[in-house]
Every structure is written in structure tokens, then in C-alpha cells.
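Hi,

Here is the structure I promised to pass on. Have a look at it first, and my notes on what turned up follow below.

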Amino acid sequence: MAQAISLARLAQGQVSPNPAVGAVLVKNDVIIGQGYTQPPGGDHAEVVALKQAGRESSGATLYVTFEPCCHQGRTPPCTAAIIKSGVTEVYFSIIDPNPKVAGKGQAELQQAGIKTYLGDHAAEATVINEAFIKYVTRKLPFVTVKFAASLDGKIATRSGDSRWISGEAARKMVQHMRYEADAVMTGAGTVIADDPRLTVRIAVTGGITHKQPLRIIIDGIGRTPPNARLFTEPGKTLLILGDNLDNSVYKSLSWAGTEILKMPVNAGVIDLKALMSLLGQKEITNILVEAGGILLGSLFDNGLVDKVVAFLAPMIIGGETARPAVAGSGFEMLSQCAKLSQVKYDRIGEDIMVSGYVGR
């Protein structure tokens with residue numbers, strides 16, 4: 001099962017809106033087949049392993065990180081393939097929360113005389129598919145906020161200088177985070193100030209065919225520069241604009257195939273709750289937010305953040321007008337603030353990475 005978990009990680013961020021699953025087929029204590037979920041329309045992990053093993057699957061034991069599906073989607077149900085193969089035992093980590101499955105896959109295997117065992121490496125399998133689990137149960141994307149800050153919580157000096165607060169090792173880790181995300185979200189202010197690329201620029205060994213995450217720009221008043229660098233980068237860009245702007249603004253920004261989505265605004269601020277619902281309808285399951293304090297503050301104020309990853313650099317910036325990591329309205333009382341749970345601390349080069357979940 002540990003091997004199956006490793007395989008599942010290779011599919012992270014590359015198979016949405018499906019879960020990232022790994023499977024290992026064993027017979028006589030020898031691995032005879034293994035695999036992980038392929039992009040939508042391709043084989044699921046179990047089928048990859050079964051095809052690799054061929055006729056040797058009969059009498060084998062299957063280890064898979066997710067309950068096998070039992071419904072017809074883009075591909076046939078995995079339970080049917082498992083039953084037909086002659087596999088006699090199936091170990092899986094967690095139940096698929098998809099209402100179309102949710103224990104039905106396990107029941108179907110048991111009815112066919114296959115022994116099933118649940119729970120091995122459940123914690124790891126849950127983390128790998130935390131975005132899928134939220135999406136399939138609530139139809140909303142899982143939102144991870146990432147920022148790099150000084151020890152006093154600043155993301156830029158009073159003059160706006162912010163390159164680089166975090167070290168090279170932390171920046172490389174962010175590349176991996178982008179690789180595992182469906183989309184990277186930022187605000188128009190960050191585009192104007194930093195002209196970021198928001199692309200994955202590292203080689204990921206052993207992963208599925210590389211794709212760029214969707215770039216999402218939040219811009220309520222239409223100030224994104226048409227010549228911003230991210231418009232010319234590989235991959236697609238989705239520009240979220242207020243629905244009350246002059247037509248000339250939409251026309252100036254609707255070029256090079258950039259998709260524009262018009263959303264309701266209040267005092268120039270995009271309705272982020274409505275936006276998240278719409279992005280869920282577009283089957284975007286996992287969003288990494290790399291933005292300034294204004295957008296991050298709005299996300300926290302609206303209760304839309306699921307996870308925080310903060311890189312703290314060993315420096316003090318100071319200054320009342322230096323930019324804070326999180327702005328917005330904030331919380332009036334400490335008892336109301338967004339507390340993190342399941343907190344982890346890691347040394348990343350010269351920086352400390354603090355990560356945890358909001359509201360769990």
C-alpha cells in the first residue's frame with residue numbers, strides 16, 4: 001500500500017476532476033502490475049495495473065488507495081474489471097465520498113465473493129485527495145493560500161520591493177505546488193506590481209504528461225495590463241472582471257484567446273463566493289492562491305480558505321506602511337480568528353514553512 005500511495009502522488013494535480021489513485025497488484029508476494037490514474041478519459045489506476053498483469057491477475061491481491069468506482073463515467077466501472085480479472089482480495093485506503101460510489105464499490109466486490117479490507121494508509125490517501133473530497137461533496141474548489149513573509153508578517157517593503165523574501169528552496173517548492181494545482185489565482189495588483197508568469201518551470205520526474213495550471217486573475221475594475229507577461233506564457237488564462245465595466249475594457253483584454261468571466265461586484269470587489277461556485281461548475285477542484293494581502297484578506301473574510309502554506313523568512317522588514325501578508329477586514333477578537341489545525345513546521349532552506357488547515 002505504501003507503493004500504491006507513492007504512485008497516487010504521481011497523479012496529483014494532473015487528473016482532475018478525478019481522484020489521484022495508485023494501485024499495486026500482488027501475486028505470490030511479487031508485484032505483477034501497478035499504475036496510477038491517467039488524465040480524464042484514460043484508465044483508472046486499477047485498470048492500468050490489471051492490464052499490466054494480464055492473465056496473471058487471477059488469484060492476485062489488489063492494493064489501491066481509493067475505493068474502486070462502480071459507475072459508468074468517462075470510463076467503465078473499475079469494479080467490473082476487477083471482478084472479471086479473477087482478483088480474490090482488495091485492500092483500499094478510504095471510501096470514495098462520491099455519492100455515486102460511497103461504499104457501493106466495496107459492496108459490489110463483496111457480492112462477487114471478493115474479500116475487501118479498508119483503512120490501510122488512510123491518512124495519506126485522504127491528504128492526496130483532499131481537493132477531490134471537497135469538490136465531490138460540496139461542488140467547490142479546495143483553496144490553498146500561499147505567501148512568503150518576513151518574521152513580522154510583511155510581504156513587501158514600504159516601497160513595494162518584494163524580490164525575494166523567500167529563498168531559492170522555497171521558490172522551488174512553490175513550483176511543485178503549482179504542478180499539483182488545477183489553477184493558480186492572483187489579483188490584478190500583483191500582476192501590475194510583479195508581472196508574474198505563474199507557470200510550472202521545473203521537470204517533474206515520473207509524473208504524467210506535463211500541463212500548465214489555469215491562471216486566474218481577479219480584477220474587479222479592469223486594470224490588468226493587456227501586455228502582462230502571463231498572457232504570453234504556455235497554458236490558459238481566465239480573467240475575472242466586474243460585470244459593470246465599459247465595453248472598451250473587455251475589448252482591450254479579450255485577445256490571444258484569453259477567456260473573460262464577468263462577475264458581480266460590490267464597490268469594485270468581485271463576489272468571491274459566487275466565483276468559487278462557478279469555478280466548481282467548471283470542474284476546477286484545486287486552486288493555489290499566490291496574491292497580495294488584499295485578495296488574501298478577502299478570501300479569509302469570506303471564509304473561503306481551506307489550507308495555508310506560509311514561508312517565513314529570517315528577516316524583519318518593519319514599517320507601518322509595509323504591506324502585510326493578509327489585509328481585508330480581519331477579525332475583531334482573537335477568539336474569532338482563523339486558527340490552523342494539523343499544523344506542520346518544516347525547514348526549507350533558510351526559511352520555515354508553516355502549513356495547516358483552516359476551520360477543521
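**The tyrosine cluster and the rest**

Y117 is partly exposed, with a relative accessible area of 32%; partly exposed means between the cut-offs for buried (under 20% relative accessible area) and exposed (over 50%), with a 1.4 Å probe and protein chains only. Before I go on, a word on the source: this is a predicted model, where local features need pLDDT of at least 70 and side-chain atom pairs count only at pLDDT 80 or more, while totals for chains, interfaces and linings use all residues. Residues are numbered from 1 along each chain as its sequence is written, and side-chain values use heavy atoms, with hydrogens and water left out.

Back to the tyrosines. Y63, Y91 and Y117 form one aromatic cluster. Rings of Phe, Tyr and Trp (its six-membered ring) pair if their centres lie within 6.5 Å, and planes under 30 degrees apart count as stacked, over 60 as edge-to-face and the rest as tilted. That rule gives three aromatic pairs. One of them is Y63 with Y91, stacked at 4.9 Å centre to centre with 15° between the planes. Y63 sits in strand β3 and Y91 in strand β4, 28 residues apart, so this pair links distant parts of the chain. Y63 has a relative accessible area of 22% and is partly exposed, and Y91 is partly exposed too, at 23%. The rings of Y91 and Y117 have their centres 4.4 Å apart and their planes at 15°, so they count as stacked. Y117 belongs to strand β5 (residues 115–118) and Y91 to strand β4, so this pair ties together parts that are 26 residues apart in sequence. Helices (H or I, at least four residues) and strands (E, at least two) are DSSP runs, numbered from the N terminus.

There are also charges over rings, which here means NZ of Lys or CZ of Arg within 6 Å of the ring centre and within 35 degrees of the ring normal. The charged end of K139 is over the ring of Y135, 5.0 Å from its centre. R171 lies over the face of W164, 4.6 Å from the ring centre.

Which residues touch the most other members of the largest nonpolar core? They are A23, L25, L62, V64, I82, V87 and V90, out of 34 residues. A core here is a set of buried Ala, Val, Leu, Ile, Met, Phe, Trp, Tyr and Cys residues joined through side-chain atoms within 4.5 Å. Elements that each supply at least two residues of this core include α1 (2–10), β1 (22–27), β2 (30–36) and α2 (45–53). A second, separate core has 32 residues, among them F147, I155, L238 and I270.

Helix α7 (residues 168–179) is worth a click. Its twelve residues reach 17 Å from first C-alpha to last, close to the 16 Å expected, where the expected span is 1.5 Å times one less than the number of residues. Buried residues in α7 are A170, V174, Q175, M177, R178 and Y179. R178 has a relative accessible area of 9%. Leaving aside neighbours within four places in sequence, R178 is in contact (heavy atoms within 4.5 Å) with residues including V184, L198, R201 and E290.

As for the whole chain, it has eleven helices and 18 strands, and buried residues make up 49% of its 360 residues.

Cheers
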